[in-house]
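Subject: Structure handover

Hello,

Here is the structure I promised to pass on. Please open it first, then read my notes below.

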Amino acid sequence: MDGVNEIRRGTLQEQTFYEQVGGEETFRRLVHRFYQGVAEDPLLRPMYPEEDLGPAEERFTLFLIQYWGGPRTYSDTRGHPRLRMRHAPFQVDRAAHDAWLRHMRDAVDELGLAEEHEEQLWRYMTYAAASMINTEG
Ligand code: HEM
């Protein structure tokens with residue numbers, strides 16, 4: 001029998017956040033729902049350079065998958081994220097930030113995650129969105 005202070009082999013294998021919340025499918029659902037909001041948004045939609053939002057949806061999905069501990073496909077295809085730099089061509093002001101977060105809030109809500117996961121994801125999104133602001137007003 002194991003002693004009380006012994007940690008059995010295997011019990012410390014940690015799952016990544018990516019795995020804990022359901023892997024690729026969860027992130028695909030999240031970003032798909034988010035882009036449904038963006039597609040209808042009069043402020044955000046014109047900021048996206050491409051007619052088809054599909055490729056942007058794919059880039060963001062792969063980024064989040066990688067960030068949360070899944071496969072590194074984003075970097076393999078796009079290189080270093082450098083997100084502030086990649087957003088520099090777009091006017092990310094307070095209004096754009098608020099609209100972006102509103103659609104993200106809807107998308108996160110629809111995932112129906114466990115509270116601690118939801119809070120962790122939301123804390124990250126609010127922090128990341130604030131750090132992307134590059135235009136005053
Ligand atoms: C705060 C408001 C934000 C606005 C208005 C905004 C807007 C945009 C726009 C217009 C693009 C270009 C679409 C494309 O061609 O891919 C883009 C790309 C992207 N955004 Fe944002 N964004 C915001 C915040 C964020 C945040 C918080 C994250 C990360 C958590 C993020 C992650 C990305 C990624 C990964 C890409 C694709 C980068 C690449 O080219 O590989 N964005 N964003």
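Phe34 sits in helix 2. Keep in mind that this is a predicted model. Phe34 counts as buried because it has 23 C-beta neighbours inside 10 Å, and 20 or more are needed for that label. Setting aside neighbours within four places in sequence, Phe34 is in contact with His103, Met104 and Ala107. Phe34 also lies 8.4 Å from Val108, C-alpha to C-alpha, although 74 residues separate the two in sequence.

The largest nonpolar core has 16 residues, and Leu30, Val31 and Phe34 have the most contacts inside it. Helix 2, helix 3 and helix 6 each give two or more residues to this core. Helix 2 provides the largest share, 6 residues. Val31 touches Glu57, Phe60, Thr61 and Leu64, again not counting residues up to four places away in sequence.

Glu24 is also in helix 2. Is Glu24 buried or partly exposed? Glu24 is partly exposed, because it has 14 C-beta neighbours inside 10 Å. Glu24 touches Ile65 and Gly70, leaving out residues up to four places away in sequence. Its C-alpha atom is separated by 16 Å from that of Ser75, 51 residues apart from it along the chain.

Now the chain as a whole. The protein chain has 7 helices and 0 strands. From the N terminus on, the order is therefore plain to read: α-α-α-α-α-α-α. The C-alpha atoms fill a box of roughly 65 × 30 × 25 Å along the principal axes. Of the 137 residues, 14% count as buried. Take the contacts between residues at least 6 apart in sequence: 73% of them join residues at least 24 apart.

Next, helix 6. Which residues of helix 6 are buried? They are Ala96, Trp100, Met104, Ala107 and Val108. Seen down the axis of helix 6, these buried residues fall within an arc of 100°, so they line one face of the helix. On the other side of helix 6, Arg94, Asp98 and Asp109 are exposed. The buried residues of helix 6 pack against helix 2 and helix 7. After helix 6 comes Gly112, with a positive phi near 60°.

Helix 3 can be read in a similar way. It has 14 residues and reaches 20 Å from its first C-alpha to its last, close to the 20 Å expected at 1.5 Å a residue. The buried residues of helix 3 are Thr61, Leu62, Leu64 and Ile65. They cover an arc of only 165° around the axis, which puts them on the same side of helix 3. What covers them includes helix 1 (17-20), helix 2 (24-39) and helix 4 (73-78). Just after helix 3, Gly69 takes a positive phi of about 105°.

How many residues surround the ligand? The shell has 21 residues, and the closest are Ala56, Arg59, Phe63, Trp100 and Ala128. Helix 3 (54-67), helix 5 (83-87), helix 6 (94-111) and helix 7 (115-132) each give two or more residues to this shell. Helix 3 gives the largest share, 4 residues. By type, the shell divides into 15 nonpolar, 2 polar and 4 charged residues.

Arg82 is found in the loop between helix 4 and helix 5. Its phi is near 40°, a positive value in a residue other than glycine. Most residues other than glycine have a negative phi.

Best wishes

Technical notes: Residues are numbered from 1 along each chain as its sequence is written. This is a predicted model: local features need pLDDT of at least 70, side-chain atom pairs count only at pLDDT 80 or more; totals for chains, interfaces and linings use all residues. A residue is near a molecule or strand if its C-beta atom, placed from the backbone, lies within 6 Å of it. Ala, Val, Leu, Ile, Met, Phe, Trp, Tyr, Cys and Pro count as nonpolar, Asp, Glu, Lys and Arg as charged, and the others, Gly among them, as polar. The expected span of a helix is 1.5 Å times one less than its number of residues. A residue is buried if 20 or more other C-beta atoms lie within 10 Å of its own, exposed if 12 or fewer, and partly exposed in between; C-beta atoms are placed from the backbone. The arc is that of the directions from the helix axis to the C-beta atoms. Two residues are in contact if their C-beta atoms, placed from the backbone, lie within 7 Å. A nonpolar core is a set of buried Ala, Val, Leu, Ile, Met, Phe, Trp, Tyr and Cys residues joined through C-beta atoms within 7 Å.
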